[in-house]
Amino acid sequence: MDLDILNNLKLTKVATSKIDTFDFEDLKFGAKFTDHMLVCEYKNGAWQDLEIKPYAPLTLDPSARVFHYGQAIFEGMKAYKDDNEDVWLFRPDQNFERMNKSAIRLAMPAIDETRFIGGLIELLKVEKEWVRKGLGNSLYIRPFMIATEAGVIASPSNEFLFCILLSPAKSYYSGKIKVQIADYYSRAANGGIGAAKAAGNYSAQFYPTKLAQEAGFNQVIWTDSTHTHLEESGTMNVFFRINDTLYTAPTSDRILDGVTRKSLIQLGENLGFKFEVRPVKVEEIVEAAKNGSLKEIFGAGTAAVVNQIEGFAYKDEYFQLPDVADEDSFALQLKNGLTKLQNKLAEDPFGWTVKI
């Protein structure tokens, strides 16, 4: 960490915190935010000083490049509080690395570790009381970067804004969900930006997801451009349990390198679960559902951690998954193992948790 950068951080606090009027029991994911945010501008070829200031609207020129050419990337992270009132981050180095991979892919400037992780830690110190204890409670962290240079010229921006927002959170989904396997729309293409956490990836999902919801499903399991291989579920990586083996697609140009995904694989292998990371065909999952060997499907991501899927539709056929007891569910065993580690209720043999 560059202490000079942190020493130059400007801090402006709110006159009165809204925390005493905040209902932590009635939370819609990502809808309400804490008192402060972190901002940092990129101009004249360099990142400027960090600033923590009251959460407030941004002022941008109507011709800012982000509005016209979509240079926008983000990350999703969480902070947790243990029983000793200490606040912990989970694998922030992975989010930092992925943020910069996304930036490079979208012709945006990489940000240094001090501004990303160091700035986040300083923001969390200011907002420590917003992190609540207990399983299921967390503080969702949204770092993002947008192009701010004025001018409707089809070229990369030379000016950017990096910002971090904080939002108290509980579980992203409640209960199991039903999904539809895509057989027309695709989330990403070879050589595209599917592996980047780019805003445009998510806007492209909204319409086909809306169609799936109108048909009675919660989400879409995306397929490749040939619609023969399964890739992601909604905004999550996806796992399939056939008998006692868990299958998931390898990361690629099209598939996001999920931090939760890689953590579940490593944690699961440590617990004795068998994984196969390889291309997963639609036809083999349909066949496994028909012959009874398909036991579970679940999504994995920062917001949901693990989200169980109760059934899926493919073309005109619906397949209900078996009702696996909680104690026998690989999805719930992995979720419980990871959330306990994140909340410091279990040992962290991997060194993933970072105390602020």
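How much space lies in the second largest pocket? The volume is about 310 Å³. A pocket is an open set of points on a 1 Å grid over the protein atoms alone, with protein on both sides within 12 Å along at least five of seven lines, whereas a cavity is a set of points where a 1.4 Å probe fits but cannot get out; lining residues have an atom within 4 Å of a point. Grid points are joined across faces, edges and corners, and a volume is the space filled by probe spheres set on the points.

The model is predicted, so that local features need pLDDT of at least 70 and side-chain atom pairs count only at pLDDT 80 or more, while totals for chains, interfaces and linings use all residues. Residues are numbered from 1 along each chain as its sequence is written, and side-chain values use heavy atoms, with hydrogens and water left out.

The second largest pocket is lined by 15 residues, and Phe33, Phe74, Arg142, Phe144 and Leu165 are those nearest its centre. At least two lining residues come from each of strand 5 (72-74), strand 8 (138-147) and strand 9 (160-169); strand 8 gives the most, with 4 residues. Helices (H or I, at least four residues) and strands (E, at least two) are DSSP runs, numbered from the N terminus. By class, the lining of this pocket holds 12 nonpolar, 2 polar and 1 charged residues. Here Ala, Val, Leu, Ile, Met, Phe, Trp, Tyr, Cys and Pro count as nonpolar, Asp, Glu, Lys and Arg as charged, and the others, Gly among them, as polar.

A search of the whole structure finds 1 cavity of 30 Å³ or more. The volume of the largest cavity is about 100 Å³, and its lining includes Gly76, Met77, Lys78, Tyr80, Phe90 and Asn95 as well as Val259, Thr260 and Gln342. Strand 6 (77-81) and helix 6 (259-271) each supply at least two residues of this lining, with the largest share, 3 residues, coming from strand 6. The lining of the cavity divides into 5 nonpolar, 6 polar and 1 charged residues.

Asn95, part of the cavity lining, is also among the buried residues of helix 3, together with Pro92, Gln94 and Phe96. Buried means under 20% relative accessible area, exposed over 50% and partly exposed in between (1.4 Å probe, protein chains only). Helix 3 (residues 92-105) has 14 residues and reaches 20 Å from its first C-alpha to its last, close to the 20 Å expected at 1.5 Å a residue; the expected span is 1.5 Å times one less than the number of residues. Ala107, which follows helix 3, has a positive phi near 55 degrees.

The count of salt bridges (a side-chain nitrogen of Lys or Arg within 4 Å of a carboxyl oxygen of Asp or Glu) comes to 18. In the pair Asp86 and Lys355, the closest N and O atoms are 3.5 Å apart. Lys355 is partly exposed, at 46% relative accessibility.

Within helix 5 (residues 199-214), Lys210 and Glu214 are 4 residues apart, about one turn of the helix. Their salt bridge has its closest N and O atoms 2.7 Å apart. Lys210 is partly exposed at 43%, whereas Glu214 is exposed at 55%. Lys81, Glu85 and Lys133 are linked in a network of salt bridges.
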